Structures are given as structure tokens and as C-alpha cells.
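Subject: Structure handover

Hello,

Here is the structure I said I would pass on. My notes on it follow below.

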Amino acid sequence: MKVLIKSVMNLFRKIYNCIRTFFWTRVIKIQCKSCGRQLRVNGKSKVTGNTVLGNHVNFNGLKIEGEGKVLIGDYFHSGQECLIITSNHNYDKGEAIPYDDTNIHKNVTIGNFVWIGTRVLILGGVTIGDGAIIQAGSVVTSDIPSMAIAGGAPAKIFKERDKKHFQKLLEEKKYH
């Protein structure tokens, strides 16, 4: 009896996950400016009308806030609870303190084959190059070059990917 109950629960869990993925994928397709092939959204996510998504993009809970443009390349993967912020208040030469009513918008560009871990925060004006990996819990405040592995707050490069191995996998079209 316990085995039967466990099997039924697993079946319900799979059905729920399929429905949830279908729902959030549909929501993101409606919200974004454009979307490539085979988008998969596995958890609650939000993008803006200034978001352009490449092919085979995979969100596991990503939220984009602000009015800046966000370009995400092919085969992008996010962890859970990630946030991209593209707008900020004018605090530097504004007409009031701590800030005025002016918003400053900065774009974010994320290359192909980028993986950002859980709870990563990316601020406006940042470019993350192809093949880069951002460690979970990081705050990205400046550009991260292609093939770099970065982490921390603010994110700093601490390693590079094996370029020969990466190129070999690209040539063999072994994508996830």
C-alpha cells in the first residue's frame, strides 16, 4: 500500500511540475519582446517588454526589473531566485536627496552558454561573455569576460573555463 501511495504521489508531482513549467513558460513568452526556440521556465519568473531571449533559454526562477534592455543569448541557464535590475534612481546629480524622480536605465547583455547560479544579482550596465559561469550568491556589478568563472560580492574572476574542452564540446554540439 505504501508503495502505491508513493507512486501516485510521484505521478501527481510530475503532473504538477509539467503544468507549472507550461504556465511559466507561456507567461514569459507573453511578457518578453522576443523569444527564440525551446524556452523552458521551471519556476516563477518575470521579464520585461525590453527582454530578448535566445534559443534554448532555461529559467529556474529569474526576475528582471527595470526599463533597460536585457539580451540573453542561447543555452542560458539560471538558478533559482536570480535578479537582474536595469534601472536605478538618480542620486548623483539629482535635484533632491537621497535621490530624485529621475530613473537611469542601463542595459544588460548575457552571452551564449552562460550559467548563473542560485540567487545571483546582476546590475544594469553589465555584459557577461559567452561561456561564463557566475557562482551562486554573487553580485555582478561589472563586466565578466567570456569563459570566466566569477563569484562573490562584488563578483570577481577566480578561474577560467578550459577553452579547448569547451571548444570540443561546441564542435560536437553537446549542449544542455
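Arg-119 sits in the loop between S12 and S13. Its phi is positive, about 55 degrees, although Arg-119 is not a glycine. Most residues other than glycine have a negative phi, and most peptide bonds are trans. Arg-119 counts as exposed because its relative accessible area is 54%. Please keep in mind that this is a predicted model.

Arg-119 also takes part in a salt bridge: its side chain meets that of Glu-81, at 2.6 Å from N to O. Glu-81 lies in the loop between strand S7 (77–78) and strand S8 (82–85), while Arg-119 lies between strand S12 (115–116) and strand S13 (121–123), so the pair ties together parts that are 38 residues apart in sequence.

The overall picture

The chain has 176 residues, of which 36% count as buried. Two helices and 18 strands are found in the chain. The C-alpha trace spans about 70 × 40 × 30 Å along its principal axes. The accessible surface of the chain comes to about 11000 Å², and carbon and sulfur atoms account for 56% of that surface. Among contacts in the chain with a separation of 6 or more, 19% are between residues 24 or more positions apart.

Charges and salt bridges

There are 25 positive and 14 negative side chains, and the centres of these two sets lie 14 Å apart. Side chains of opposite charge can pair when their charged atoms come close. A search of the whole structure finds six salt bridges.

Lys-46 is partly exposed, with a relative accessible area of 32%. Glu-65 is partly exposed as well, at 26% relative accessibility.

The other joins Glu-172 and Lys-168, whose closest N and O atoms are 3.5 Å apart. Glu-172 counts as partly exposed at 37% relative accessibility, and Lys-168 counts as partly exposed at 43%.

The nonpolar patch

Which residues form a nonpolar patch on the surface? They are Met-1, Leu-4, Ile-5, Val-8, Met-9, Leu-11, Phe-12, Ile-15 and Ile-19, with about 930 Å² of accessible area together. Ile-15 belongs to helix H1 (residues 2–31). At 40% relative accessibility, Ile-15 counts as partly exposed.

Backbone details

Two cis peptide bonds came up. The bond from Ile-97 to Pro-98 is cis, with omega near 5 degrees. Pro-98 lies in the loop between strand S9 (87–89) and strand S10 (103–105). Ala-153 and Pro-154 are also joined by a cis peptide bond, with omega about 0 degrees. Here Pro-154 is in the loop between strand S17 (148–151) and strand S18 (156–160).

Phe-113 has a positive phi too, about 60 degrees, and is not a glycine. Phe-113 is found in the loop between strand S11 (108–110) and S12. With a relative accessible area of 22%, Phe-113 is partly exposed.

Regards

Notes: Residues numbered from 1 in each chain as written. Predicted model: local features only at pLDDT ≥ 70, side-chain atom pairs only at ≥ 80, totals over all residues. Heavy atoms only, no water. Patch = residues over 30% accessible without salt bridge, like charges linked within 9 Å, V, L, I, M, F, W, Y side chains within 5 Å. Areas by Shrake-Rupley, 256 points an atom, 1.4 Å probe, with all protein chains shown as cover. Salt bridge = Lys/Arg side-chain N within 4 Å of Asp/Glu carboxyl O. Helix = DSSP H or I, 4+ residues; strand = E, 2+ residues; numbered from the N terminus. Buried < 20%, exposed > 50% of the residue type's maximum accessible area, 1.4 Å probe, protein only. Contact = heavy atoms within 4.5 Å. Lys, Arg positive; Asp, Glu negative; His and termini not counted. Charge placed at Lys NZ, Arg CZ, Asp CG, Glu CD.
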